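Hi everyone, thanks for coming. Let's have the model up on the screen, and then I'll walk you through some side chains.

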Amino acid sequence: SSGINAEYGEDLHAIKTRHDVHEANLAIILKELEQQFEEVKLVDKLCRKHLKWGDVFVSAGGDGTFLNVASQLEGGRMLIGLNTDPERSVGHLCARSRTTTNLKYIIKQIACGNCTFIRRSRIRVKLSMCEGDRTEVEIPKYALNDVYIGETSPTRLSYLELKIDNLPLEKQKSSGFLISTGSGSTAWGYHVNALDWYRTEQFLQVLADSGVVDRRLSSVEIIQLMNKFNDSFTFDPEDRRMKYITREALQNSVFRAVNTQGFAKSITVRSLCWNGKIVMDGIQRKFNFDDGVLANFSISDDDSICSITYVD
């Protein structure tokens, strides 16, 4: 058998290979943790008793696993991410070494305290109805990377009313509204803004044709400019501000979006959508956000979680 699932186009051999890599590294992690720490429990899925029992939580996988665990922890808890497949996953949220991907080395460095600790900000979400006696519901999960607000269908315009800090109330139609933390600024918040080679080259050509640039840039210089521009959108995971981004705002004689991007301490969004959704950290958590519902987004020191970036 070729190992290809013809119906879905999946390479089953490749999937099994990545699974075997994960399982092998998981065994290494468990053995090393048991040698370095007093008591260790391995669980496939967190439940309430685990959340009460654990002092430090370790996610074994990639950034997705880290996000799943982080959404369930109370503020102030410690979460360490260990990447079980560094060849296929960057693992921005995981503890990393600048010189090696060796998990034994990384865990030993953590046990010795030779690591950089940070307190990653998380977004808290509160929902309420905007008519009559407002009933406020606090969503019992937090977003570590980002929150998407908009229509369920990607082909339908999202219609939202925004109140951003002390800025004037504004109605916008767009492809959705994204709120990001500093941790998320290297994820969706990065890619929604990033220029690729084609658009960078086209923009520089317009500058050259307009006489703003007096010479043609080399490929190396174009890449350097592109990377510098794209990196300007990342910010500190400990920053207590949220970055908001309106995706593909509709601009015409009726709708003129003004506040399409910036930083804020508090954001309130009223849904004017047909079938709206609030999606936290990709597919981790989804909530209905239909016409008339209000959502408030904020960041607090008390909601942040402790984590580790580098171990050397």
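So, aromatic pairs: there are five of them in this structure. By a pair I mean rings of Phe, Tyr or Trp (its six-membered ring) with centres within 6.5 Å; planes under 30 degrees apart are stacked, over 60 edge-to-face, and the rest tilted. Take Phe-229 and Phe-233: their ring centres are 5.1 Å apart and the planes sit at 85°, so this pair is edge-to-face.

Before I go on, this is a predicted model, where local features need pLDDT of at least 70 and side-chain atom pairs count only at pLDDT 80 or more, while totals for chains, interfaces and linings use all residues. Numbering starts from 1 along each chain as its sequence is written, and side-chain values use heavy atoms, leaving out hydrogens and water.

Back to the rings. Phe-235 and Phe-263 are edge-to-face too, at 5.0 Å centre to centre with 85° between the planes. Which parts does this pair tie together? Phe-235 is in the loop between H7 and S12, and Phe-263 is in strand S13 (residues 261–264), so the pair links parts 28 residues apart in sequence. Helices (H or I, at least four residues) and strands (E, at least two) here are DSSP runs, numbered from the N terminus.

Is Phe-235 buried or exposed? Phe-235 is buried, because its relative accessibility is 13%. The cut-offs are under 20% relative accessible area for buried, over 50% for exposed, and partly exposed in between, with a 1.4 Å probe and protein chains only. Phe-263, at 34%, is partly exposed.

Now look at Arg-240, in the loop between helix H7 (219–231) and strand S12 (242–246).

Last stop, the core. The largest nonpolar core has 25 residues, and Ile-149, Phe-177, Ile-267, Ile-278 and Phe-297 touch the most other members. Such a core is a set of buried Ala, Val, Leu, Ile, Met, Phe, Trp, Tyr and Cys residues joined through side-chain atoms within 4.5 Å. Strand S17 (residues 293–299) supplies the largest share, four residues. Apart from this core there is another, of 14 residues, including Leu-33 and Ile-308.
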